[in-house]
Amino acid sequence: MELWYAPTSPFARKVRVAAHELGLADGLRLVEVNPWTDARLRALNPLAKVPTLVLDDGEAVWESGLIAERLEAVAGGRALFPSAGPERWRALSLQALADGAGAAAGRLFADENRRPDERSEAMLVRFRQAIGASLDHLEGAELRSDPTIGEISVAVLLGYLDFRWPGRPWTAERPRLQAWYGVFAERTSMVESRHRRTAAA
Ligand SMILES: N[C@@H](CCC(=O)N[C@@H](CS)C(=O)NCC(=O)O)C(=O)O
């Protein structure tokens, strides 16, 4: 299997963490790509986004959540997606919130780096509100040390915030989240998938 990824992408990192947790990382060939410029990616995925997974039979899979679920099916053992009931809704709800905040963070980072006349202050405020309110919600949420796709998505969001805004003290007002993340970030899956700056971003 191949994972087309960018080292700056939180969604690609989410899939890399999931692959590690499922014991599949060694069998995953990483293909680094700039999704904005590399035409090969659109030939695989009409959306030209990372992550994109290419299965051994050539089928391409897009969307980090769907990719993680396909990897879980390949692994056939450990479950990152609880099968039913409140546990499943808890994990999927965390994933949806963290992914939404991650998308807002990606847009915020891109917009902060545009010229002032090319960006909307109102949108910057809106992205910051989405991120801040999501973190406030997560501060009160139940987060486990044993990862589901929900915990993985939250940890990847926090890792992305640290990567893009290293000086930003998001943890200071959120001690529970800080304590949980301090432990989770030490997992091999998180350490092995750390973000890295590229020439593109
Ligand atoms: N919802 C998608 C988001 C993926 C995404 O937005 N990836 C970004 C990089 S972080 C990308 O490839 N952007 C290129 C583009 O939007 O054309 C997922 O969960 O996989």
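**Notes on backbone and fold**

1. In this predicted model, E63 lies in the loop that runs between β4 (60–62) and α3 (64–75). The phi angle of E63 is near 75°, a positive value in a residue other than glycine.

2. A48 sits in the loop between α2 and β3. Its relative accessibility is 9%, so A48 counts as buried, the cut-off being under 20%.

3. The loop between α2 (39–44) and β3 (52–54) also holds P51. The peptide bond joining V50 and P51 is cis, with omega about 0°.

4. The protein contains 8 helices and 4 strands. Their order along the sequence is β-α-β-α-β-β-α-α-α-α-α-α. The radius of gyration is 17 Å, close to the 17 Å that the globule rule gives for 201 residues, so the protein is as compact as a globular protein of that length. Along the principal axes, the C-alpha trace spans about 45 × 40 × 30 Å.

5. Of the 201 residues, 49% count as buried. Among contacts between residues at least 6 apart in sequence, 68% join residues at least 24 apart.

6. The accessible surface comes to about 10,200 Å², and carbon and sulfur atoms account for 53% of that area. The protein carries 26 positive and 27 negative charges, whose mean positions are 4 Å apart.

Terms used
Residues are numbered from 1 along each chain as its sequence is written. This is a predicted model: local features need pLDDT of at least 70, side-chain atom pairs count only at pLDDT 80 or more; totals for chains, interfaces and linings use all residues. Side-chain values use heavy atoms; hydrogens and water are left out. Helices (H or I, at least four residues) and strands (E, at least two) are DSSP runs, numbered from the N terminus. The radius of gyration is taken over C-alpha atoms; the globule rule is 2.2 Å times the number of residues to the power 0.38. Buried means under 20% relative accessible area, exposed over 50%, partly exposed in between (1.4 Å probe, protein chains only). Contact means heavy atoms within 4.5 Å. Accessible areas come from the Shrake-Rupley method with a 1.4 Å probe; for residues, only the protein chains shown count as cover. Lys and Arg count as positive and Asp and Glu as negative; His and the chain ends are not counted. The place of a charge is taken as NZ of Lys, CZ of Arg, CG of Asp or CD of Glu.
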